[in-house]
Amino acid sequence: MAKIGSSDLDVSRLCLGGNVFGWTADERTSFAVLDAFVVAGGNFIDTADSYMWRAPGNSGGESETIIGRWMASRGNRDSVVIATKVGSWPQRPGLSRANIVAAAEDSLRRLQTDRIDLYFSHTDDAGTAQEETAAAFDELVRAGKVRTIGASNFTPERLRSALEISAREGLASYVALQPHYNLLERDFESAFAPLLESQGLACLPYFGLAKGFLTGKYRPDTEVDSARAEGAMAYMDDRGLRVLAALDEIAAAREVPVAAVALAWLADQPTVAAPIASARTPEQLTDLLPVLDLTLTKTELAKLTKASA
Ligand SMILES: NC(=O)c1ccc[n+]([C@@H]2O[C@H](COP(=O)([O-])OP(=O)(O)OC[C@H]3O[C@@H](n4cnc5c(N)ncnc54)[C@H](OP(=O)(O)O)[C@@H]3O)[C@@H](O)[C@H]2O)c1
């Protein structure tokens, strides 16, 4: 288990990505994935009000609704840590006070809960003063509707100024950043890691499996039937193949799936509290679960870092 930054949230070494629920996983399968995750010791689930409004037949809110129904039917709200987000759903865009307050009420209703454990700005909003956003989140924290807050898809400069404003005004402050970060996307390391380290923020990387590429199911001359195939195939180049070869070698030696090795590398990087990755079925989840207690050796970590350079 790991603490998220300066908060008292104690989370598993894997955060279960929720964008599949109501998209590539129907409600019954979503429940099965969620059940298997908590049975294995996972407690941390990431969603957003917007998931997955882009999917055919959806309008948004589907993922939160499924997670809410699951928690209600299992009676386990107090034993899971729920992260959700505001700001990127066309129906509730931006980080104005009015939008944040209304979106939080909607998320609480869909999640069938009285508080959000970790509430993210899903994306920056240059059209709203950061003072207004900070005051709105602080209001929700004081009301007990939100426990802690985080930022996603900010530039380092805007994250820094948001942190400065919260500190100066004595308002609730971001405790975590959710950036795009994995073995094949490493800009985070130079752009953000020093800032997070100096400010005591936790990193919760999204696309932990590079849209499925780091599970090892994408290989040259193979065709994968997946809603994510196009995005994942973008990594099929010399570097991607080098990373897969290093993952294959370590996975074989440790007798664990490739996906778990990729997530263990991420979990061991400075400032990372828990990588976020999703699974569409309980069988897929089985391949990710070893990360909950898989620690790579220094040599294994270095081999992967070098392969992905
Ligand atoms: N803050 C943000 O802006 C942001 C953006 C994106 C995502 N996120 C969060 O991060 C989470 C993770 O991102 P993601 O789910 O899009 O991508 P990901 O974790 O990089 O990839 C997960 C996908 O890989 C495939 N997969 C997983 N395990 C597998 C296995 N054992 N065998 C074969 N395929 C497997 C599945 O897709 P298929 O079976 O469909 O191929 C699964 O949905 C999201 O759920 C969301 O919570 C946040």
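Arg142 is exposed, at a relative accessible area of 64% (buried, under 20% relative accessible area; exposed, over 50%; partly exposed, in between; 1.4 Å probe, protein chains only). The structure is a predicted model, in which local features need pLDDT of at least 70 and side-chain atom pairs count only at pLDDT 80 or more, whereas totals for chains, interfaces and linings use all residues. Residues are numbered from 1 along each chain as its sequence is written, and side-chain values use heavy atoms, with hydrogens and water left out.

Arg142 forms a salt bridge with Asp138, with 2.6 Å between the closest N and O atoms; a salt bridge is a side-chain nitrogen of Lys or Arg within 4 Å of a carboxyl oxygen of Asp or Glu. Asp138 and Arg142 are four residues apart in helix H4 (residues 130-142), and are therefore separated by about one helical turn. Helices (H or I, at least four residues) and strands (E, at least two) are DSSP runs, numbered from the N terminus. Asp138 is buried, at 7% relative accessibility. By the stated rule, the count is 22 salt bridges.

A salt bridge also joins Arg92 and Asp106, the closest N and O atoms being 2.7 Å apart. This pair links distant parts of the chain, with Arg92 in strand S7 (residues 92-93) and Asp106 in helix H3, 14 residues apart. Arg92 is partly exposed at 24% relative accessibility, and Asp106 is buried at 16%. In the salt bridge between Arg186 and Glu189, the closest N and O atoms are 2.9 Å apart. Arg186 is buried, with a relative accessible area of 19%, and Glu189 is partly exposed, with 26%. Asp8, Arg77, Asp117 and Arg147 are linked in a network of salt bridges.

Helix H3 (residues 97-111) also contains Asn99, which counts as buried at 8% relative accessibility. The side chain of Asn99 reaches the backbone oxygen of Pro93 at 3.2 Å. Residues up to four places away in sequence not being counted, Asn99 touches Val86, Arg92, Pro93 and Gly94 (contact, heavy atoms within 4.5 Å).

Helix H9 (residues 238-254) has 17 residues and reaches 24 Å from its first C-alpha to its last, close to the expected 24 Å (1.5 Å times one less than the number of residues). Its buried residues are Gly240, Val243, Leu244, Ala246, Leu247, Ile250 and Ala251. They lie on the same side of H9, because they cover an arc of only 165° around the axis, the arc being that of the directions from the helix axis to the C-beta atoms. These buried residues pack against helix H10 (258-267) and helix H12 (298-307). Asp238, Ala252 and Ala253, on the other side of H9, are exposed. Glu255 follows H9 and has a positive phi, near 55°.

Most residues other than glycine have a negative phi, and most peptide bonds are trans. Positive phi values occur at Ala210, near 50°, and at Asp221, about 65°. Ala210 is buried at 0% relative accessibility, whereas Asp221 is exposed, with a relative accessible area of 83%. A cis peptide bond, with omega about -20°, joins Tyr51 and Met52. Met52 is in the loop between strand S4 (44-46) and helix H2 (62-74).

How values were computed
Polar contact = N/O pair within 3.5 Å; in protein donor to acceptor, adjacent residues only side chain to side chain.
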